[in-house]
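Subject: Structure handover

Hello,

Here is the structure I said I would pass on. My notes on it follow below.

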Amino acid sequence: MATDTERRQEQAVHRMLEEYYRAGKPPWDTDVTPPELVALVDGREPGRALELGCGTGTNAIYLARLGWDVVAVDLVDRAVEQARAKAAAAGVTARFLCADATRLDEGEDEDGVDVPGRYDLFFDLSCFCAIPAHRRDAYVAGLTHRAATDAHLLMFGYGPEAFDDPISGVTADELRTRFTGWDLVDVTPGTNPVPTFWFTLRRT
Ligand SMILES: C[S@@+](CC[C@H](N)C(=O)[O-])C[C@H]1O[C@@H](n2cnc3c(N)ncnc32)[C@H](O)[C@@H]1O
């Protein structure tokens, strides 16, 4: 059960994200698929993919074009609407849902979502690192329940030093602790001026 402070923290993050999309094109919305995702799927047989925090859908659309069966979720309805429009314009089929990546297990209610597994690939570009600490284990549980054997999670995250707020950031040690049943198989520093990392985890 979340405390009032935790609930307020979640609401503040949600409002901040909505404001980014309301204001126009958010700074992260580059329309460019990162080479790290391209490399991970290169030569790989397409399977089922779930993107967490898909924004306007650039990377979900990229995967769908390669033949992946894609579901992509984002907390912000405006982002999801744009993702659907982009996919339609590209003539690509992917399922975009407005949903909280930390509530995948809560069923189809006000906050929950029905996203049945199993997935071979999870992709998270800067979503987990913005999730308040008290929701992170629920995020991990949602993915773990839906992971096929040998499934991979490719995650990009900012280090805690990149922010001056008490919520954001992720470290390799945190992922090793939270992701039980997964191996952290690679950590590659990003090229940003602040600490960033590409994490690859594999479901054991
Ligand atoms: C930095 S943006 C990156 C968006 C997208 N991956 C891209 O590269 O353009 C992080 C995204 O995660 C979404 N997000 C944050 N917390 C979330 C949550 N709990 N559930 C679903 N999406 C979330 C935000 O709304 C935002 O679109």
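This is a predicted model: local features need pLDDT of at least 70, side-chain atom pairs count only at pLDDT 80 or more; totals for chains, interfaces and linings use all residues.

β6 and strand β7, the latter covering residues 196–203, are joined by seven bridges and run antiparallel.

The sheet

The two strands are part of an open sheet of seven strands, with mixed pairing and the order β3-β2-β1-β4-β5-β7-β6. At its edges stand β3 (95–98) and β6 (182–189); each has a single partner strand, so one side of each lacks a neighbour in the sheet. From one strand to the next, the twist averages 15 degrees. As background, the strands of a sheet pair through backbone hydrogen bonds, and the pairing is either parallel or antiparallel.

The elements in sequence

Overall, the protein has six helices and seven strands. Their pattern along the sequence is α-α-β-α-β-α-β-β-α-β-α-β-β.

Helices on the sheet

Helix α3, residues 58–65, lies across β1 (48–52), β2 (69–74) and β4 (119–125), and its angle to β2 is about 175 degrees. Helix α5, residues 133–146, lies across β1, β4 and β5 (147–158), at about 150 degrees to β5.

Which residues of α5 are buried? They are Tyr139, Val140, Gly142, Leu143 and Arg146. These residues lie on the same side of α5, because the arc they cover around the axis is only 160 degrees. What do the buried residues of α5 pack against? Their partners are β1, β4 and β5, together with α6 (172–178).

Overall dimensions

The C-alpha trace of the protein spans about 45 × 40 × 35 Å along its principal axes. The radius of gyration is 16 Å; a compact globule of 204 residues would come out near 17 Å, so the protein agrees with that expectation. Of the 204 residues, 36% are buried. Taking contacts between residues at least 6 apart in sequence, 65% join residues at least 24 apart.

That is what I have for now.

Regards

Conventions. Residues are numbered from 1 along each chain as its sequence is written. Helices (H or I, at least four residues) and strands (E, at least two) are DSSP runs, numbered from the N terminus. The radius of gyration is taken over C-alpha atoms; the globule rule is 2.2 Å times the number of residues to the power 0.38. A residue is buried if 20 or more other C-beta atoms lie within 10 Å of its own, exposed if 12 or fewer, and partly exposed in between; C-beta atoms are placed from the backbone. Two residues are in contact if their C-beta atoms, placed from the backbone, lie within 7 Å. Two strands pair if DSSP finds at least two bridges between them. Axes are lines fitted to C-alpha atoms, for helices over the stretch in contact, and angles run from 0 to 180 degrees between N-to-C directions. The arc is that of the directions from the helix axis to the C-beta atoms.
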